[in-house]
Amino acid sequence: IVDTISKIVRINGLAHITGGGFADNIERILPAGLQVELNRWELAPQWQWLLEHSGMDWDSFIRVFNAGYGFCIVVSEEITNEKMGEIKSKTGEKIELIGRII
């Protein structure tokens with residue numbers, strides 16, 4: 001997958017996240033002074049129900065239940081809807097833009 005994506009857009013970092021600390025793990029691959037700003041993403045219905053009934057805030061919930069993504073690819077700003085579509089069609093994977101580097 002990475003090889004296919006690298007032919008479409010420049011890859012600046014990779015993070016395989018197997019435990020909690022979703023945003024923290026992405027930030028470990030960034031140069032000093034940069035942070036990740038994550039968008040909220042759609043949760044599976046059972047996770048959404050649990051979030052609504054838990055009384056937890058979004059960031060705590062994502063951290064405690066590891067309800068993030070398993071593999072993140074940091075790419076250049078040049079990513080467009082057209083390039084996202086090309087990546088999806090060539091890899092067959094669920095690929096979403098989940099935030100930005102600030």
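Trp58 has a relative accessibility of 10% and therefore counts as buried (buried is under 20% relative accessible area, exposed over 50% and partly exposed in between, with a 1.4 Å probe and protein chains only). This is a predicted model, in which local features need pLDDT of at least 70 and side-chain atom pairs count only at pLDDT 80 or more, while totals for chains, interfaces and linings use all residues. Residues are numbered from 1 along each chain as its sequence is written, and side-chain values use heavy atoms, with hydrogens and water left out.

**Helix 4**

Trp58, Phe61 and Ile62 are the buried residues named in helix 4, which covers residues 58-65 (helices are DSSP runs of H or I with at least four residues, strands are runs of E with at least two, and both are numbered from the N terminus). These residues lie on the same side of helix 4, because they cover an arc of only 95 degrees around the axis (the arc is that of the directions from the helix axis to the C-beta atoms). Asp59 and Val64 are exposed on the other side of helix 4. The cover over the buried residues of helix 4 includes helix 2 (22-27) and helix 3 (45-54) (contact means heavy atoms within 4.5 Å).

At the start of helix 4, the backbone nitrogen of Asp59 has a side-chain oxygen of Asp57 within 3.1 Å. Just after helix 4, Asn66 has a positive phi of about 45 degrees.

**Aromatic pairs**

The whole structure holds 4 aromatic pairs (rings of Phe, Tyr and Trp, the last by its six-membered ring, pair if their centres lie within 6.5 Å; planes under 30 degrees apart count as stacked, over 60 as edge-to-face and the rest as tilted). Two of the pairs are tabulated here.

| Pair | Centre to centre | Angle between planes | Class |
|---|---|---|---|
| Trp41 and Trp58 | 5.2 Å | 75 degrees | edge-to-face |
| Phe61 and Phe65 | 4.9 Å | 40 degrees | tilted |

Trp41 sits in the loop between strand 2 (36-38) and helix 3, and its pairing with Trp58 in helix 4 links distant parts of the chain, 17 residues apart. Trp41 is also buried, because its relative accessibility is 11%.

Phe61 and Phe65 are both in helix 4, 4 residues apart, or about one turn of the helix. Phe61 counts as buried at 0% relative accessibility, whereas Phe65 is partly exposed at 31%. Together with Trp47, Phe61 and Phe65 form one aromatic cluster.

**Nonpolar cores**

The largest nonpolar core has 16 residues, and those with the most contacts inside it are Phe22, Ile26, Trp41, Leu43, Ile62 and Cys72 (such a core is a set of buried Ala, Val, Leu, Ile, Met, Phe, Trp, Tyr and Cys residues joined through side-chain atoms within 4.5 Å). At least two residues of this core come from each of helix 2, helix 4 and strand 3 (71-75). Helix 4 gives the most, with 3 residues.

Ile26 is in contact with Ala15, Ile17, Val36, Leu38, Cys72 and Val74, leaving aside neighbours within four places in sequence. A second, separate core of 7 residues includes Ile5, Val9, Ile87 and Ile95.

**Thr91**

Thr91 belongs to helix 5 (residues 81-91) and is buried, with a relative accessible area of 17%. The side chain of Thr91 reaches the backbone oxygen of Ile87 at 2.8 Å (a polar contact is a pair of N or O atoms within 3.5 Å; within protein, one must be able to donate a hydrogen and the other to accept it, and residues adjacent in sequence count only if both atoms are side-chain atoms). A polar atom of the Thr91 side chain also lies 3.2 Å from the backbone nitrogen of Glu93. Not counting residues up to four places away in sequence, Thr91 touches Ile1, Thr4 and Ile5.
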